[in-house]
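Subject: Structure for you to look at

Hello,

Here is the structure I said I would pass on. My notes on what was found in it follow below.

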Amino acid sequence: VHAVFATVVVISLFIHLQERQADVWQVQQVATQERQETQRLRGDIAQQQALLTGLAAKDPYVVELIARDKLNYSGAGEIAPPPLPAIDKPGAIGTK
């Protein structure tokens, strides 16, 4: 009787352990996604601050970069720079 009871307890604890491991894995996945989103947002903020600093200093290259981005302009044979990050663009969906 004791052996059967001990076996049932061990199996119950093993099942509980597996459930806890699944919960921990899920929390780790969410934490990793939130960490990556935070890093991306920090990069966007740094770029926005650099643009604001350039605008405040009236840097002609920054002004031209922003104007080209807003007007979607690029000359013939030019390689366009990557798009500017914008806070109002729908890239931050699912954040808190």
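Arginine 68 forms a salt bridge with glutamate 64, and their closest N and O atoms are 2.9 Å apart. Please keep in mind that this is a predicted model. Both residues of the pair, arginine 68 and glutamate 64, belong to helix 2, where four residues, about one turn of the helix, separate them. An α-helix has 3.6 residues a turn, so residues three or four places apart point the same way. Arginine 68 is partly exposed, with a relative accessible area of 22%. Glutamate 64 also counts as partly exposed, at 39% relative accessibility.

Helix 2 itself covers residues 60-71. The N-terminal end of helix 2 is capped by aspartate 59. In that cap, a side-chain oxygen of aspartate 59 lies 3.1 Å from the backbone nitrogen of tyrosine 61. After helix 2 comes asparagine 72, which has a positive phi, near 55°.

Now the chain as a whole. How many helices and strands does the chain have? There are two helices and zero strands. The chain has 96 residues, and 6% of them count as buried. A residue counts as buried when its relative accessible area is under 20%. The accessible surface of the chain is about 8,500 Å², and carbon and sulfur atoms account for 64% of that surface.

Next, the other salt bridges. A search of the whole structure finds three of them, including the pair of arginine 68 and glutamate 64 described above. Arginine 40 takes part in a salt bridge with glutamate 37, at 2.7 Å from N to O. These two residues both lie in helix 1, which covers residues 2-56, and they are three residues apart, about one turn of the helix. Arginine 40 also forms a salt bridge with aspartate 44, with 2.8 Å between the closest N and O atoms. Arginine 40 and aspartate 44 are four residues apart in helix 1, so about one helical turn separates them. A network of salt bridges therefore links Glu37, Arg40 and Asp44.

Leucine 52 lies in helix 1 and counts as exposed, with 56% relative accessibility. The C-alpha atom of leucine 52 is 8.9 Å from that of valine 62, a residue 10 positions away along the chain.

The other place is a nonpolar surface patch. Which residues make this patch? Ile11, Phe14, Ile15 and Leu17 make it, and its area is about 380 Å². One of these residues, isoleucine 15, is in helix 1. Isoleucine 15 counts as partly exposed, at 42% relative accessibility.

That is what I have for now.

Regards

Methods: Residues are numbered from 1 along each chain as its sequence is written. This is a predicted model: local features need pLDDT of at least 70, side-chain atom pairs count only at pLDDT 80 or more; totals for chains, interfaces and linings use all residues. Side-chain values use heavy atoms; hydrogens and water are left out. Buried means under 20% relative accessible area, exposed over 50%, partly exposed in between (1.4 Å probe, protein chains only). Accessible areas come from the Shrake-Rupley method with a 1.4 Å probe; for residues, only the protein chains shown count as cover. The expected span of a helix is 1.5 Å times one less than its number of residues. A polar contact is a pair of N or O atoms within 3.5 Å; within protein, one must be able to donate a hydrogen and the other to accept it, and residues adjacent in sequence count only if both atoms are side-chain atoms. A salt bridge is a side-chain nitrogen of Lys or Arg within 4 Å of a carboxyl oxygen of Asp or Glu. Patches are made of residues with over 30% relative accessible area and no salt bridge: like charges are joined within 9 Å, nonpolar side chains (Val, Leu, Ile, Met, Phe, Trp, Tyr) within 5 Å.
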